[in-house]
Amino acid sequence: MFDFHIHLARLPHPKRLIRLLLDRNYDFVAVACEPWEWNDVSLLKKEFSTGLKPIKTAYGLHPKVAKDVTKEVLFELREYLKNDKRAMVGEAGIDKRYPGYDDGSQDQIFLAQAGLALELKRDLQVHCVGDYMRVLRLLKEAGFSQDFKQTQDSPRPIFHRFGGDLNFVKKALPLGALFSLHEDSFRKKSTTAAIPHIPQERVFFETDADESFLEPEELAESLENRLESVRAAYAKSLE
Ligand SMILES: [Zn+2]
């Protein structure tokens, strides 16, 4: 099992939970998308990584906090990314429910992070609630190229909790895009119809879990079940 997007530092008893997940062979990308989570995630990585199996991480700034981001915060983000050589950037993106969607400030913070991903050669976890075409324009503006060539360290955008349509999939694939599917990815007809057109090796599954009242044992089991149900929905969409 591989959870491509989970907010471990926001879940209760993260250390007990990680131990249980690792025992169950539940692999994951631990996403830290507000400054207060960066240090927590970097410490969890240090504590639980082994030489064979480092904990996978992502550091970024969610559009929810775009309005609060200063130069200093961006500098700090760069330091976390430089210190964690394999970390992804993100999640970063745009979201019409939060301030800064209309005045361009979310765009600026997204562009800064897309630039970091290109500069440091890291994949970029992208969050989009709103105009998917705008995200595509911003990625190109940042320098993500239409004729992506897969080499070991060429950065790819990852559309997390994917909710776009077929037109978007067709336009995003040439950028090397990966798609991380969530239970919600199957809510919209247009997304469910688009998903079978994504090459299978570019498809991943996620829980995006960020809160729970469950004890770690029950939570680990429920995360497995959620991931399994996304996988089942995906298999069904291919029929
Ligand atoms: Zn998330």
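Colleague: Against which elements do the buried residues of helix 5 pack?

Modeller: In this predicted model, the buried residues of helix 5 lie against strand 4 (88-95), helix 4, strand 5 (124-129), strand 6 (157-159) and helix 6 (166-172). Packing here rests on contacts, that is, on C-beta atoms placed from the backbone and lying within 7 Å. Local features need pLDDT of at least 70 and side-chain atom pairs count only at pLDDT 80 or more, while totals for chains, interfaces and linings use all residues. Residues are numbered from 1 along each chain as its sequence is written. Helices (H or I, at least four residues) and strands (E, at least two) are DSSP runs, numbered from the N terminus.

Colleague: Which residues of helix 5 are buried, and what puts them on the same side of the helix?

Modeller: The buried residues are Tyr 132, Val 135, Leu 136, Leu 138 and Leu 139. They cover an arc of only 165 degrees around the axis, and therefore lie on the same side of helix 5. The arc is that of the directions from the helix axis to the C-beta atoms. Just after helix 5, Gly 143 has a positive phi of about 120 degrees.

Colleague: What makes helix 4 oblique to helix 5?

Modeller: Helix 4 (residues 105-120) and helix 5 (residues 132-142) pack at an angle of about 50 degrees, their axes being 9 Å apart. Helix 4 is therefore oblique to helix 5, since angles under 35 degrees count as roughly parallel, over 145 as roughly antiparallel, 65 to 115 as roughly perpendicular and the rest as oblique. The crossing of the two helices is right-handed. The contact involves Asp 107, Phe 110, Leu 111, Ala 114, Gly 115 and Leu 118 of helix 4, with Leu 138, Leu 139, Glu 141 and Ala 142 of helix 5. These residues divide into seven nonpolar, one polar and two charged.

Colleague: How do you know that the buried residues of helix 1 are on the same side?

Modeller: Leu 17, Ile 18 and Leu 21 are the buried residues of helix 1 (residues 14-23). Their arc around the axis is only 100 degrees, so they are on the same side of helix 1. Their cover includes strand 2 (27-32), helix 2 and helix 8 (216-238).

Colleague: What makes helix 1 oblique to helix 8?

Modeller: Helix 1 and helix 8 pack at an angle of about 50 degrees, with 9 Å between their axes. That angle makes helix 1 oblique to helix 8. Arg 16, Leu 17, Leu 20 and Leu 21 of helix 1 meet Pro 216, Glu 217, Leu 219 and Ala 220 of helix 8.

Colleague: Why is Arg 161 called buried, and why does His 13 count as partly exposed?

Modeller: A residue is buried if 20 or more other C-beta atoms lie within 10 Å of its own, exposed if 12 or fewer, and partly exposed in between. Arg 161 has 22 other C-beta atoms within 10 Å and is therefore buried. His 13 has 15 C-beta neighbours inside 10 Å, so it counts as partly exposed. Arg 161 belongs to the loop between strand 6 and helix 6, and His 13 to the loop between strand 1 (2-6) and helix 1. Phi is positive and near 50 degrees in Arg 161; in His 13 a positive phi of about 50 degrees is found.

Colleague: Why does Pro 54 count as partly exposed?

Modeller: Pro 54 has 14 C-beta neighbours inside 10 Å and therefore counts as partly exposed. Pro 54 sits in the loop between helix 2 (35-48) and strand 3 (56-59).

Key: Axes fitted to C-alpha atoms, helices over the stretch in contact; angles between N-to-C directions. Left-handed = near helix turned anticlockwise from the far one by under 90°. Contact = placed C-beta atoms within 7 Å. Nonpolar A, V, L, I, M, F, W, Y, C, P; charged D, E, K, R; others polar.
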